[in-house]
Amino acid sequence: MRQEIIRVKNASKSFRGHEVLKKVSLTCESGHIYGIIGYNGSGKTVLFKSICGLYRLDEGEIWIGNKKMKRDLDMLTEAGIIIEEPSFLRNYSGFKNLDFLYRIRNRKDKEHLYEIMRKVGLDPLSKKRVCNYSLGMRQRLAIAQAIMEDQPILILDEPMNGLDKRGVLEMRRFFEELRNQGKTILMASHNKEDIDVLCDWVYEMDAGVLTMLR
């Protein structure tokens, strides 16, 4: 049975008098991928940051399940998140980066992290430092970081950024697998093809207004 996981109701947000979100409403259920297309500056990232609790709305509501953001929750914790370029320990390997974050949360399972890295197309035994990673490799590591704790929600802003054609196809298949596991996935991209091919529901964000396309 599908459940309502994220509900955004009439969300508005302004910065220095400039309205970035204009009464945005959106509902996301489990087992679906929701996609938002739009140019840089259209409001996609501000919406995602608001859902994650990084911004407080001026008006409107955001619910995660039966909990209201900024009343019952300060931050969205049960989610894997990619918003803008993640920060890594650049002088350490990809595995060391994941292992460090995993241990902060009192988790120790190297085999699990090995499996996660292989799923996103990275070699967990490589000693290559992240500072020497290509943009595509850093993006794969960001995806690994987002999924390593097996959270029910994924919030992904430009998850295909820097990936070559093969990498895009691999990640599309991987996200489809996660959807079939019942995850709720909300992603944004300026690449309409990625969104059209992968997403069950497609929206467009333009100047802070969210419109359903299909």
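Buried means under 20% relative accessible area, exposed means over 50%, and partly exposed lies in between, with a 1.4 Å probe and protein chains only. By that rule Phe-174, at 6% relative accessibility, counts as buried. This is a predicted model, in which local features need pLDDT of at least 70, side-chain atom pairs count only at pLDDT 80 or more, and totals for chains, interfaces and linings use all residues. Residues are numbered from 1 along each chain as its sequence is written, and side-chain values use heavy atoms, with hydrogens and water left out. Helices (H or I, at least four residues) and strands (E, at least two) are DSSP runs, numbered from the N terminus.

**Aromatic rings**

- A pair of aromatic rings is described by the distance of the centres and the angle of the planes.
- Rings of Phe, Tyr and Trp (its six-membered ring) pair if their centres lie within 6.5 Å; planes under 30 degrees apart count as stacked, over 60 as edge-to-face and the rest as tilted.
- Three aromatic pairs turn up in a search of the whole structure.
- One of them joins Phe-95 and Tyr-114, with ring centres 5.1 Å apart and planes at 45°, so this pair is tilted.
- Phe-95 belongs to helix H2 (residues 94-104) and Tyr-114 to helix H3 (residues 110-119), so to speak of the pair is to speak of a link between distant parts of the chain, 19 residues apart.
- Both Phe-95 and Tyr-114 are buried.
- Phe-174 and Phe-175 also form a tilted pair, because their ring centres are 6.3 Å apart and their planes stand at 35°.
- Phe-175 is buried, with a relative accessible area of 0%.
- Elsewhere, the charged end of Lys-13 sits over the ring of Phe-15, 5.2 Å from its centre; this term requires NZ of Lys or CZ of Arg within 6 Å of the ring centre and within 35 degrees of the ring normal.

**Helix packing**

- Two packed helices are described by the angle between their axes and the distance between the axes.
- Axes are lines fitted to C-alpha atoms, for helices over the stretch in contact, and angles run from 0 to 180 degrees between N-to-C directions.
- Angles under 35 degrees count as roughly parallel, over 145 as roughly antiparallel, 65 to 115 as roughly perpendicular and the rest as oblique.
- The axes of H2 and helix H4 (residues 135-147) cross at roughly 25° and come within 11 Å, which means that H2 is roughly parallel to H4.
- The H2 and H4 crossing is right-handed, where right-handed means that the near helix is turned clockwise from the far one by less than a right angle, and left-handed means anticlockwise.
- Gly-94, Leu-98 and Leu-101 of H2 make the contact with Leu-141, Ala-144 and Gln-145 of H4; contact means heavy atoms within 4.5 Å.
- For H4 and H5 (165-180), the axes cross at roughly 10° and come within 12 Å, so H4 is roughly parallel to H5.
- On the H4 side this contact involves Arg-140, Ile-143 and Ile-147, and on the H5 side the residues include Phe-174 and Phe-175.
- The buried residues of H3 are His-112, Leu-113, Tyr-114, Ile-116 and Met-117, and the buried residues of H3 pack against H2 and H4.

**Residues in and before H2**

- Lys-96, in helix H2, is partly exposed, with a relative accessible area of 47%.
- The C-alpha atoms of Lys-96 and Arg-129 are 9.3 Å apart, and these residues are 33 residues apart along the chain.
- Asn-97 is also placed in helix H2 and is buried, with a relative accessible area of 4%.
- Leaving aside neighbours within four places in sequence, Asn-97 is in contact with Phe-88, Leu-89, Tyr-92 and Val-130.
- Phe-88 lies in the loop between strand S6 (79-82) and H2, and at 14% relative accessibility Phe-88 counts as buried.
- Not counting residues up to four places away in sequence, Phe-88 touches residues including Asn-97, Arg-138 and Leu-141.

**Positive phi values**

- Gly-121, which follows H3, has a positive phi near 85°.
- Glu-158 is not a glycine, yet its phi is positive, at about 55°.
- Glu-158 is found in the loop between strand S7 (153-157) and helix H5, and Glu-158 is buried, with a relative accessible area of 15%.
- Ala-207, another residue other than glycine, has a positive phi near 55°.
- The loop between strand S9 (201-206) and strand S10 (209-212) holds Ala-207, which is partly exposed at 45% relative accessibility.
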